[in-house]
Amino acid sequence: AGEVEPVEGVSLAQWAEQMVRVASGATVDDVCKAVGCDKAKWDRVSAEWNARMSRDTTATIAMAYGNAFTKAQAKPGVGNSPYAAAAQNPGKGEMPMPFERYVEIMEAHNALTAQGQDAQAVLKKLGITVMDWSNLGAWCSAYINDNALRNDNAIINEFNRLTAKYKAKYATVKSDSDIQ
C-alpha cells in the first residue's frame, strides 16, 4: 500500500517520462527544470522509485513503470525516437528499418563494445540513440520471435546469414583505427 503514490509530488508516470528524456539525451538539469525541482530532490525521487521497484516482489511497480516509459516515448518532445510508434506494437505492421541494417547495427555494437567502447557512443556513431535502439530491439525481437519458424525458417535463416556477415565485417574493426 502506498508504493505507487507520488514521491515528493512526482508520480511514477512523471518519473518515467523524465527517464525517457534522459535516455534520449536530456541532462539532469533539463529534467529538474521540467519537474520544477533541484538536483537533490531529483536524486531522492529517483532513489525512492528505484528502491520501490527493487522491493516489489510482485513486479507491479516495474510493470507500471514499463508501461509509462513506453507510453512516454510516443509523446512529442519527450523521447524523440522515430521508432517509438513501432515499439508500441512490437513485431506488427511495417518494419521500422531494413532488417539487414538492424542486424548490422547489432553486430557492430557487439564488436565495438566488446573492445571496450562506450555502448552509447557506439550507437551514436551508428546514427541512433539508446532510445532508438531500445525501440528497434522491442519491435525486431518480437518480429523474429513471431516469425522465426515460418516459411521454412526464412527469418531465422536470414538473421543467421546476416549475423555471420556482419560479425566477420566488424571483427577486423579496431577501436583505435582512426589514430595514425
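1. Contact here means heavy atoms within 4.5 Å; helices (H or I, at least four residues) are DSSP runs, numbered from the N terminus. This is a predicted model, in which local features need pLDDT of at least 70 and side-chain atom pairs count only at pLDDT 80 or more, while totals for chains, interfaces and linings use all residues. Residues are numbered from 1 along each chain as its sequence is written, and side-chain values use heavy atoms, with hydrogens and water left out.

2. Helix H9 covers residues 154-171, and its 18 residues should span 26 Å at 1.5 Å a residue, the expected span being 1.5 Å times one less than the number of residues. The end C-alpha atoms are 25 Å apart, which agrees.

3. Which residues of H9 are buried? They are Ile-155, Phe-159, Leu-162, Thr-163, Tyr-166 and Tyr-170, where buried means under 20% relative accessible area, exposed over 50% and partly exposed in between (1.4 Å probe, protein chains only). Seen down the axis of H9, these residues fall within an arc of 110°, so they line one face of the helix; the arc is that of the directions from the helix axis to the C-beta atoms. Their cover includes helix H6 (99-114) and helix H8 (130-147). Ala-168 and Ala-171, on the other side of H9, are exposed.

4. The largest nonpolar core has 26 residues. Such a core is a set of buried Ala, Val, Leu, Ile, Met, Phe, Trp, Tyr and Cys residues joined through side-chain atoms within 4.5 Å. Phe-99, Tyr-102, Val-103, Ile-105, Trp-133 and Leu-136 have the most contacts inside it. At least two residues of this core come from each of H6, helix H7 (119-125), H8 and H9, and H6 gives the largest share, eight residues. Another core, of 21 residues, lies apart from it and has Val-10, Val-20, Cys-37 and Ala-68 among its members.

5. Val-20 is found in helix H1 and is buried, with a relative accessible area of 0%. Its contacts, leaving aside neighbours within four places in sequence, are Phe-69, Ala-72, Gln-73, Val-78, Gly-79 and Met-131. Val-20 and Met-131 are 111 residues apart along the chain, yet their C-alpha atoms are separated by 7.7 Å.
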